[in-house]
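Trainee: I would like to learn how to read a protein model step by step. Could we go through one together?

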Amino acid sequence: MKLYHKQFLDLEPEFTDLDTSAVAILPFPYEGGISCGAGTAGAPDAVIDASYYVELYDEVLDTEPYKIGISTLTPPAIPSTPERMIQSIQDAAKAILERDKFPVVIGGDHSITGGYYRALREKHGAVSVIQLDAHADLRDSYQGSRLSHASVMSRIREETEHTLQIGIRSMSAEEADRIRTEKIQLCTMDAFRKGAFDLRTAVEALPDPVFITLDVDVLDWSVVRTTGTPEPGGMTWDEILALLATIFSNKKVVGFDVVELSCREDDPNSPFAVAKLIHKMIALKFFP
Ligand SMILES: [Mn+2]
């Protein structure tokens with residue numbers, strides 16, 4: 001593990017020291033698994049650059065979360081094949097967990113989550129998964145690949161049945177069948193808006209510990225508009241913060257990732273929103 005040449009929030013060295021920091025941020029700029037809207041490989045750097053402008057004090061929690069120590073790591077060399085990529089992220093996440101730090105991964109496309117999740121399972125045994133996403137990602141394979149970003153929840157469900165998917169507003173008929181047959185816990189965006197899904201009970205029923213995988217396309221375009229496979233009608237900033245507060249205050253969260261941000265020079269807002277979201281999530285973890 002090596003510190004990156006730039007640090008999330010542009011913190012002073014005192015707060016990025018690997019020996020004392022509570023959080024390790026791993027940028028993982030892999031975009032092999034995306035189907036359109038290239039640009040996820042530039043996303044981690046764009047988020048870190050944007051984070052320099054995030055205010056260090058959180059006015060809602062009345063705290064300065066960075067004081068727990070946040071180290072940003074140098075990304076490993078990113079392999080070009082999905083199989084080697086999965087191994088690479090697993091190894092990198094394992095190194096963070098071995099030093100008892102809370103891992104935060106910035107993607108990269110959603111296919112990286114499978115390898116990260118394996119490292120969490122190795123460390124903690126069974127780990128439940130909360131996916132915040134516009135897409136169900138329950139296809140067994142997509143465009144001939146079982147390691148596609150569109151299959152990530154299929155791979156995870158091979159390792160745990162304790163999953164909860166929230167914000168979904170795009171799926172195939174086959175995926176819908178599977179959700180019914182396997183009684184998969186899934187709150188569509190429609191159900192979320194109508195209050196037709198008891199989210200609090202579903203969150204409470206999920207066994208600890210919990211891993212959160214957050215695909216930025218769960219958000220409305222007014223928050224994040226540059227993403228690989230955009231869907232209209234996502235969560236507002238206030239909605240996702242309220243949801244995350246419920247999750248972090250009820251569950252032992254052992255790691256999260258934020259994936260599928262794309263970057264374009266004409267959109268500085270999306271990377272800033274993602275940087276601020278990551279800062280909020282770290283704050284909710286350590287100051288629930
Ligand atoms: Mn998605």
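**Reading the fold**

Mentor: Let us begin with contacts, where two residues are in contact if their C-beta atoms, placed from the backbone, lie within 7 Å. Among contacts in the protein chain between residues at least 6 apart in sequence, 77% join residues at least 24 apart. Please keep in mind that this is a predicted model, in which local features need pLDDT of at least 70 and side-chain atom pairs count only at pLDDT 80 or more, while totals for chains, interfaces and linings use all residues. Residues are numbered from 1 along each chain as its sequence is written.

Trainee: How many helices and strands does the secondary structure of the protein chain come to?

Mentor: Helices (H or I, at least four residues) and strands (E, at least two) are DSSP runs, numbered from the N terminus. In this protein chain there are nine helices and eight strands. The radius of gyration, taken over C-alpha atoms, can be set beside the globule rule, which is 2.2 Å times the number of residues to the power 0.38. Here the radius of gyration is 17 Å, close to the 19 Å that the rule gives for 288 residues, so the chain is as compact as a globular protein of that length. Along the principal axes, the C-alpha atoms fill a box of roughly 50 × 40 × 40 Å.

Trainee: In what order do the strands form the sheet?

Mentor: Pairing comes before order: two strands pair if DSSP finds at least two bridges between them. In this model eight strands form an open sheet in the order E2-E1-E3-E8-E7-E4-E5-E6, with parallel pairing. The edge strands are E2 and E6 (185-188), each of which pairs on one side only. From one strand to the next, the twist averages 15°.

Trainee: Which strands are joined to E1 by bridges?

Mentor: Strand E1 (residues 23-28) runs parallel to strand E2 (residues 70-72), to which three bridges join it, and parallel to strand E3 (residues 102-107), to which six bridges join it.

Trainee: Are the residues of E1 buried or exposed?

Mentor: A residue is buried if 20 or more other C-beta atoms lie within 10 Å of its own, exposed if 12 or fewer, and partly exposed in between. Six of the six residues of E1 are buried, so the strand is largely enclosed by the rest of the structure. Val23, Ile25 and Pro27 point one way from E1, whereas Ala24, Leu26 and Phe28 point the other way. In the protein chain, buried residues make up 50% of the 288 residues.

Trainee: Which residues have the most contacts inside the largest nonpolar core?

Mentor: A nonpolar core is a set of buried Ala, Val, Leu, Ile, Met, Phe, Trp, Tyr and Cys residues joined through C-beta atoms within 7 Å. The largest one here has 80 residues, and those with the most contacts inside it are Ile25, Leu26, Val47, Ile212, Val258 and Val274. Helix H9 (residues 269-286) gives the most to this core, with nine residues. Leaving aside neighbours within four places in sequence, the residues in contact with Leu26 include Leu73, Ala92, Ile96 and Val105.

Trainee: At what angle do H1 and H9 pack?

Mentor: Angles under 35 degrees count as roughly parallel, over 145 as roughly antiparallel, 65 to 115 as roughly perpendicular and the rest as oblique. Helix H1 (residues 43-51) and H9 pack at about 75°, with their axes 8 Å apart, and they are therefore roughly perpendicular to each other. The contact is made by Ala46, Val47, Ala50 and Ser51 of H1 and by Pro271, Phe272, Val274 and Ala275 of H9. H9 also lies across E1, E2, E3 and E8, running at about 175° to E8.

Notes:
Axes are lines fitted to C-alpha atoms, for helices over the stretch in contact, and angles run from 0 to 180 degrees between N-to-C directions.
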